[in-house]
Amino acid sequence: MTGAPADVRDLLLSRIRDVPDHPQPGVVFKDITPLLADPAAFTALTEALSELCVRHGATKVVGLEARGFILAAPVAIRAGLGFIPVRKAGKLPGATLSQAYDLEYGSAEIEVHAEDLDPGDRVMVIDDVLATGGTAGAAAELIRRGGAEVAGVAVLMELGFLGGRGKLEPVLRGAPLEALLAL
């Protein structure tokens, strides 16, 4: 895990708001909307994530629905890479690859357009939070099934107490997992 430089980490942390009891009692939701509303913080985040893409030799960036879209699109532009949305099942038109995965309570499915991935692509997966690792792991499987290589996974924050890193690392098969903030 790389982590962000102390000044960037402090800026990012100062713009993440804790919302107690959301979406259910006992959960503390990490709200990134104040960070997104602050141009300096959003720029610092975009720069840090784009540097990780370049460092790991990514040729494309995948953003996971929905907050991952907000982060990954400007990162792709900044790093000079293509952007690929990974959507919830049934949202993309045309031919897709789909991958089911388990959630803490139930299961879900994500999809990507198969033609957006090419052999030789090195794809960085970007999202806001690494929680249990299910969505990022499913995205890695989709990338490989599309013929591309996983360059790594980069997230704004990792919720370490949920154990997502341990579940995700075997799926990554040696590709790096980078979290700017470990909470």
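Reply:

**Helix packing, pocket and backbone**

Helix 5 and helix 6 are roughly parallel to each other, since in this predicted model the axes of helix 5 (residues 134-145) and helix 6 (residues 164-172) cross at roughly 5° and come within 9 Å. On the side of helix 5 the contact is made by Ala136, Gly137, Ala140, Glu141 and Arg144, and on the side of helix 6 by Leu168, Val171 and Leu172. Sorted by class, the contact of helix 5 with helix 6 holds five nonpolar residues, one polar residue and two charged residues.

Two packed helices are described by the angle between their axes together with the distance between those axes, and the other two pairs can be read in those terms. Helix 3 (residues 39-55) packs with helix 4 at an angle of about 65°, their axes lying 8 Å apart, and helix 3 passes helix 4 in a right-handed crossing. From helix 3 the residues Phe42, Leu45, Thr46, Glu47, Leu49, Ser50, Cys53 and Val54 take part, and they meet Ile70, Leu71, Pro74, Val75, Arg78 and Ala79 in helix 4. By class, the contact of helix 3 with helix 4 has ten nonpolar, two polar and two charged residues.

Helix 3 also packs with helix 1 (residues 6-14), where the two axes come within 10 Å and cross at roughly 130°, which makes helix 1 oblique to helix 3. The crossing of helix 1 and helix 3 is left-handed. Val8, Leu11 and Leu12 of helix 1 make this contact with Ala40, Ala41, Ala44 and Leu45 of helix 3, and the residues of the contact divide into seven nonpolar, no polar and no charged.

Turning to the largest pocket, about 1,200 Å³ of space lies within it, and its lining consists of 39 residues, of which Arg67, Val129, Ala131, Thr132 and Leu162 lie nearest its centre. The largest share, six residues, comes from strand 7. By class, the lining of the largest pocket has 24 nonpolar, seven polar and eight charged residues.

The backbone sites remain. Most residues other than glycine have a negative phi, and most peptide bonds are trans. In the loop between strand 1 (17-20) and strand 2, which holds Pro23, a cis peptide bond joins His22 and Pro23, with omega about 5°. Asp21 is found in the loop between strand 1 and strand 2 as well, and Asp21 has a positive phi of about 60° although it is not a glycine. A further cis peptide bond runs from Glu65 to Ala66, with omega near 0°, and Ala66 lies in the loop between strand 3 (60-64) and helix 4. Beyond helix 6, in the loop between helix 6 and strand 9 (177-182), lies Arg173, a residue other than glycine whose phi is positive, near 55°.

How values were computed:
Residues are numbered from 1 along each chain as its sequence is written. This is a predicted model: local features need pLDDT of at least 70, side-chain atom pairs count only at pLDDT 80 or more; totals for chains, interfaces and linings use all residues. Side-chain values use heavy atoms; hydrogens and water are left out. Axes are lines fitted to C-alpha atoms, for helices over the stretch in contact, and angles run from 0 to 180 degrees between N-to-C directions. Helices (H or I, at least four residues) and strands (E, at least two) are DSSP runs, numbered from the N terminus. Angles under 35 degrees count as roughly parallel, over 145 as roughly antiparallel, 65 to 115 as roughly perpendicular and the rest as oblique. Contact means heavy atoms within 4.5 Å. Ala, Val, Leu, Ile, Met, Phe, Trp, Tyr, Cys and Pro count as nonpolar, Asp, Glu, Lys and Arg as charged, and the others, Gly among them, as polar. On a 1 Å grid over the protein atoms alone, a cavity is a set of points where a 1.4 Å probe fits but cannot get out, and a pocket is an open set with protein on both sides within 12 Å along at least five of seven lines; lining residues have an atom within 4 Å of a point. Grid points are joined across faces, edges and corners, and a volume is the space filled by probe spheres set on the points. A crossing is left-handed if the near helix is turned anticlockwise from the far one by less than a right angle, and right-handed if clockwise.
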